[in-house]
Amino acid sequence: MSSILKLLKLGIKRGRVTLRYPAEKTPTPEGLRGRPVLDFDACIGCGACAKTCPPNALTVEEKENVWTLRLFYGRCIMCGLCEEVCPVDAYRFSEEFELASATRRDLEVELRLLRVKCKGCGKYFTTKRALDNTVAEYSELADGYAEEFKDMIYLCPDCRRMDWSEALADAYREARYES
Amino acid sequence: MRPDRGEWKTDKNVVEELKERFPDSILKVSELRDKLLLVELKRGDLPEVLDYAHNSLGGQFLTMAGTDYVESLNRFIVDYVLGWYEQGTVLVVRASVPRGDENFPASTPRMPVADWYEREVKETLGLNPVGHPNPRKLLTSDDWPEDLFPMRKSFKNETPPPIKADARFPFVAPENAGSFNVVPYGPYHFAIHEPIYFRFHVDGERITGVDLRAGFNYRGLEKIAETRMSYETLPFVAERICGICGSVHGEAYSQALERAAGFEAPERAKWIRTMMLEIERIHSHLLWLGVATHMVGFDSGLMQFWRVRERIMFLAELLTGNRKQYGMIVPGGVRRDIREDKKERALGEVAEILVEYQELLDAALGLSTLRSRLKGVGYLSKEDAKRYSVMGPVARASGVDIDARRDYPYEAYPHFEFETPVQTGGDVLARTVVRAYDTLESIKMVKQALETLPDGPVHTPIDYIPPDVTSVGLVEGPRGTDVHYLITGGEDTVYRWRVRAPTYANLPATPLMLIGETLADASVVIGSVDPCISCTERMIVVDNGTGKERIISGWGPQEGLA
């Protein structure tokens, strides 16, 4: 059979395969990496996602008592690193992949969380949710050692470092004095 | 079994031979990693040694990179990377260029393949290749200042590019310019996948000369990688170098990094990586077959090849969660495992794809009209293919039997059975046939990978990546061998990352294929390398009497184009 006839036969055999898109939806398999959806209630505001995001689709702004996370889908490459690093599983992939929009604002998501002050120096240093999360996780440790350092949770990293080194210095001095 | 390729020297150690011949030029020889050697040379002896290694010893030119070490060592280095595929050896030839005397002798006059690479080093790093026959710009825009070098460490990547409206690229005229017309091709052509600008000098219908301008898509990814990406996030940038062979770049980067760290990915990860690379090859070749048949006016070919391709795209989506940019291959392994139920489904898909592809291949490649349209067009001889170190299907269609999967074994390929189709025609038909049978092999390999998938973890973290290690990753992509050259840095980021995509090697050879062809064949010839271009959209007539250029265009007169 000549090739052109074979091709004709093939065309008839396989028929029409195109879909009547957009009236008919493209089938998507389970596990599709579509638009990542952020669970606003679960997010604790640690900022790990923004640190790891390769295209900077996720950005964090810290201003006085407000911590703002911005997610711009226009930049998102659906790599899923945010989902991987999130300590509280606040990200979930959706099945949505058609993100075309007439305005840029449709592609922007913003989450604002309250920040708390350091008990030492009085500067804002973390979000309230992150602090609560740390307190909750810390109390689960529930041994004497954990109890002893519990106050340090409420200090900013700078104060914590100072506090810690002072405690060390004290311990050292004491040890020397005793000997 | 490795086929016998008698004409290549395989008996002797390359480094020993170089040492014997150039005892005074070689300063130091060291083994970086298994089958990865470093030879340090005196700067002045570069062309001579490279000429011998490339042209007499048959070393395949893989890549070249310059690196800025001014801050720490007060000098630059230039590295030429050559590969001997019959031994699987990769040789890095290094020379130092001191600060203040930023010159090195160009190797291009003896080795035309180095042309683009040396031009790139000149404009991005400011190292002057003395004696280069064609030291024009390659990557940066026409108005980019001559004394601003983006790949130097002192250049900050947020520096805004200056704008100079009257800058012009110095195009060259053919040597024996009698009466000729110039036909511009691109740069933003409705059917070009990548922006590139060809200028054809035509005498009537025949192409007598070709000049090309690349670099419209220079995004400075390597700079971004050095300045603000970490080892973990870089594969996602690497994947986005190319919309077609993303996994290839991800794999080449991961391979180079893992080689530097002396790390081996887990078995299961190797199998999955291999499978992803093969899935990518299938979809890329089917895309190309569709576009190529479309370019010669055989549109049922386009429809049928893309119908089969759609199934592969769905398979990829099923396994990775995305049709393209799989995000699978990262240093340390892969990110997603393949569950049993998905594996079963994928096996079913692959079996059907194989049947559909075979019946299509049988019908399409047998078409006498298609064969006669492609036969004898865009000829590239075996000698030229070797001289220009072209890669992948282009080389294999000219009778050069190279395949990185077999020659520089990586991942699970040593455990797989596959053939590398080689043709001797050297024309577009040969390139089509090579790709068509390559696809068939790849489908079989995906099947093999799924059937023999070993158990175990898919990812183990890399404990330690030593700083200042030079490494090379070689991956056989759909378009040819992709080479990533990498120097590790101290703070969780690369010090230097040089990507040599296969088209970078293949495109400089297109003028050889084009000269003597008719204008009507230009599309399919350029397309046969794999950046695809359709028909001519506008034309410039150079009036030899006045020297003025007039543009005939559907878009109205466009001044300043030429």
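User: Which residues have the most contacts inside the largest nonpolar core?

Analyst: In this predicted model, B:V81, B:V93 and B:I272 have the most contacts inside the largest nonpolar core, which has 172 residues. Such a core is a set of buried Ala, Val, Leu, Ile, Met, Phe, Trp, Tyr and Cys residues joined through C-beta atoms within 7 Å. Buried means that 20 or more other C-beta atoms lie within 10 Å of the residue's own, with C-beta atoms placed from the backbone.

User: Which helix gives the largest share of this core?

Analyst: Helix α8 (residues 267-295) of chain B does, with 15 residues. Helices are DSSP runs of H or I, at least four residues, numbered from the N terminus.

User: What does B:I272 touch?

Analyst: Not counting residues up to four places away in sequence, B:I272 touches B:M328, B:V334, B:I338 and B:V458. A contact requires C-beta atoms, placed from the backbone, within 7 Å.

User: Why is α15(B) described as largely enclosed?

Analyst: 18 of the 24 residues of α15(B) are buried, so the rest of the structure largely encloses this helix.

User: Changing topic, what is the mean pLDDT of chain B?

Analyst: The mean is 83, and 90% of the residues of chain B reach 70 or more. pLDDT is the predictor's confidence in each residue, from 0 to 100. Over residues 1-11 of chain B the pLDDT is below 50, and over residues 532-562 it is also below 50. Where pLDDT is low, the predicted coordinates should not be read in detail.

User: What ipTM does the predictor give the complex?

Analyst: The complex has an ipTM of 0.82 and a pTM of 0.87.

User: How are residues and chains labelled, and what pLDDT is needed?

Analyst: Residues are numbered from 1 along each chain as its sequence is written, while chains are lettered from A and ligands numbered from 1 in the order in which they are written. In this predicted model local features need pLDDT of at least 70 and side-chain atom pairs count only at pLDDT 80 or more, whereas totals for chains, interfaces and linings use all residues.

Note on methods:
Buried ≥ 20, exposed ≤ 12 C-beta atoms within 10 Å, placed from the backbone. Helix = DSSP H or I, 4+ residues; strand = E, 2+ residues; numbered from the N terminus. Contact = placed C-beta atoms within 7 Å.
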